[in-house]
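Hi,

Here is the model I promised to pass on.

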Amino acid sequence: MTCLFCRILQGEIPSKPVYSDDLCYAFSDIQPQAPTHVLLIPRKHIPSLAFATQEDTNLLGHLMSKAAEIAREHSLEGGYRVVLNTGDDGGQTVHHLHLHLLGGRSLAWPPG
Ligand code: 5GP
Ligand code: ZN
């Protein structure tokens, strides 16, 4: 298996768990860009949002509501950002769909 995040899901590559259930797994980003930087991934391998289909609607909704739950657990009352980099121009480097949950500092807009 070559996908980095599938290998993390299998436990072949260690990660720092934040949340886990039947559909998804959340863990700390190895190179945090904010005091809280959590990656939330579906257990199903979807290369990017561009490959998601109608069949994935519930799964995508699940990821979003879990991101909000994790944000509450991390006391991000001041606000936070959920990012879904998609494809080369979107800055995606790992080709397994993932949400970034970033918070704990003021985030600039627009992003680079
Ligand atoms: P992307 O650029 O594809 O949106 O985000 C990929 C993210 O995965 C980056 O923020 C990067 O720091 C993170 N990342 C890459 N390799 C690893 C790893 O082995 N472990 C963890 N925990 N995060 C990783
Ligand atoms: Zn994968």
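To start with the ligand: which element supplies the largest share of the shell around ligand 1? Helix 1 does, with three residues. Before you read on, keep in mind that this is a predicted model.

Helix 1 covers residues 4–10, and along with strand 2 (24–28) it is listed as giving at least two residues to that shell. In total, 16 residues surround ligand 1, and the closest are Asp29, Asn85, Thr93, His98 and His100. Sorted by class, the shell has seven nonpolar residues, eight polar ones and one that is charged.

An oxygen atom of ligand 1 sits 2.9 Å from an N or O atom in the side chain of Asn85. A nitrogen atom of the ligand is 2.9 Å from a polar backbone atom of Ser28. Then there is Gly91, where a polar backbone atom lies 3.1 Å from an oxygen atom of ligand 1.

Now the pocket. The space that ligand 1 takes up is the largest pocket, and its volume comes out at about 760 Å³. How many residues line the largest pocket? The count is 32, and Asp29, Gln33, His37, Leu39 and His100 are the ones nearest its centre. Two or more lining residues come from each of helix 1, strand 2, strand 3 (36–42), strand 4 (80–83) and strand 5 (99–103). The lining splits into 16 nonpolar, twelve polar and four charged residues.

Asp29 and His100 deserve a click when you open the file: both are among the residues closest to ligand 1, and both also turn up among those nearest the pocket centre.

Two backbone details to finish with. Trp109 and Pro110 are joined by a cis peptide bond, with omega at about 0 degrees. Pro110 belongs to the segment after strand 5. The other one is Ser75, which is not a glycine but still has a positive phi, about 55 degrees. You'll find Ser75 in the loop between helix 2 (57–73) and strand 4.

That's what I have so far.

Cheers

Terms used:
Residues are numbered from 1 along each chain as its sequence is written. Chains are lettered from A and ligands numbered from 1 in the order in which they are written. This is a predicted model: local features need pLDDT of at least 70, side-chain atom pairs count only at pLDDT 80 or more; totals for chains, interfaces and linings use all residues. Side-chain values use heavy atoms; hydrogens and water are left out. A residue is near a molecule or strand if one of its heavy atoms lies within 4 Å of it. A polar contact is a pair of N or O atoms within 3.5 Å; within protein, one must be able to donate a hydrogen and the other to accept it, and residues adjacent in sequence count only if both atoms are side-chain atoms. On a 1 Å grid over the protein atoms alone, a cavity is a set of points where a 1.4 Å probe fits but cannot get out, and a pocket is an open set with protein on both sides within 12 Å along at least five of seven lines; lining residues have an atom within 4 Å of a point. A molecule sits in a cavity or pocket if more than half of its atoms lie within 2 Å of its grid points. Helices (H or I, at least four residues) and strands (E, at least two) are DSSP runs, numbered from the N terminus. Ala, Val, Leu, Ile, Met, Phe, Trp, Tyr, Cys and Pro count as nonpolar, Asp, Glu, Lys and Arg as charged, and the others, Gly among them, as polar. Grid points are joined across faces, edges and corners, and a volume is the space filled by probe spheres set on the points.
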